[in-house]
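Good morning, and thank you for the time.

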Amino acid sequence: MPFDDEKGMQIAYEEALAGYNEGGIPIGACLIHEDGRVIGRGHNMRVQRGSMTLHAEISCFENCGRLPASITSKCTLYSTLSPCTMCTGSALLFKIPRVVFGENQTFVGGEDWLAKHKVKVINVQDQRCKDIMAKFIKEHPEIWNEDIGE
């Protein structure tokens with residue numbers, strides 16, 4: 001069964017919106033198996049949980065529970081934003097072969113690193129993802145700068 005990227009991006013965007021509505025950084029993610037099962041989903045929880053590391057992709061992985069690479073190596077990671085190096089490293093560690101993200105206009109993460117490791121990288125340039133990030137950054141530039149390590 002081919003991956004349903006529209007479904008994956010919709011779930012990731014719903015997670016980003018949930019994060020925004022909680023007062024957090026509006027980045028969402030989900031992990032979907034090649035058979036169509038949603039394995040996990042999550043959103044950036046750094047503000048809500050007072051965490052240094054709880055990015056959307058990490059939150060998603062946490063919500064998946066323990067999984068062997070025999071599962072994750074048959075999944076696509078969806079994120080509303082180009083994954084940072086921490087999240088890229090996690091995707092590589094879990095042998096995720098495909099990463100689809102909503103945009104990289106706001107931030108360019110580890111796309112080249114993923115590609116170097118033969119991960120299929122797809123940027124869908126989703127306007128919803130661009131808009132929610134632009135709105136958040138305008139409202140909370142200091143939180144955004146903290147999130148990207150500046």
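Predicted model: local features only at pLDDT ≥ 70, side-chain atom pairs only at ≥ 80, totals over all residues.

On the α3 side, Glu57, Ile58 and Phe61 take part, and they meet Met86, Cys87, Ser90 and Ala91 of α5. Sorted by class, this contact of α3 with α5 comprises 5 nonpolar residues, 1 polar and 1 charged. As for geometry, α3 covers residues 56-64 and α5 covers residues 85-93. The two helices pack at an angle of about 35 degrees, and their axes lie 8 Å apart.

I turn now to the largest pocket, which holds about 210 Å³ of space. Its lining consists of 17 residues, and those nearest the centre are His55, Cys84, Asp147, Ile148 and Gly149. Two elements, α3 and α8 (141-147), each give two or more residues to that lining. The most comes from α8, with 3 residues. By class, the lining of this pocket has 9 nonpolar, 4 polar and 4 charged residues.

Finally, the core. Which residues touch the most other members of the largest nonpolar core? They are Ile27, Leu31, Leu77, Tyr78 and Trp144, out of 40 residues in that core. Among the elements that give two or more residues to this core are α3, α5 and α8, together with the strands β1 (28-33), β3 (75-79) and β4 (98-101).

Let us look at Ile27 by itself. Leaving aside residues up to four places away in sequence, Ile27 touches, among others, Ala16, Ala56, Met133, Trp144 and Asp147.

Key
Residues numbered from 1 in each chain as written. Heavy atoms only, no water. Axes fitted to C-alpha atoms, helices over the stretch in contact; angles between N-to-C directions. Helix = DSSP H or I, 4+ residues; strand = E, 2+ residues; numbered from the N terminus. Contact = heavy atoms within 4.5 Å. Nonpolar A, V, L, I, M, F, W, Y, C, P; charged D, E, K, R; others polar. 1 Å grid on protein atoms, 1.4 Å probe; cavity = no way out; pocket = protein on both sides within 12 Å on 5 of 7 lines; lining within 4 Å. Points joined across faces, edges and corners; volume = space filled by probe spheres on them. Core = buried A, V, L, I, M, F, W, Y, C linked by side-chain atoms within 4.5 Å. Buried < 20%, exposed > 50% of the residue type's maximum accessible area, 1.4 Å probe, protein only.
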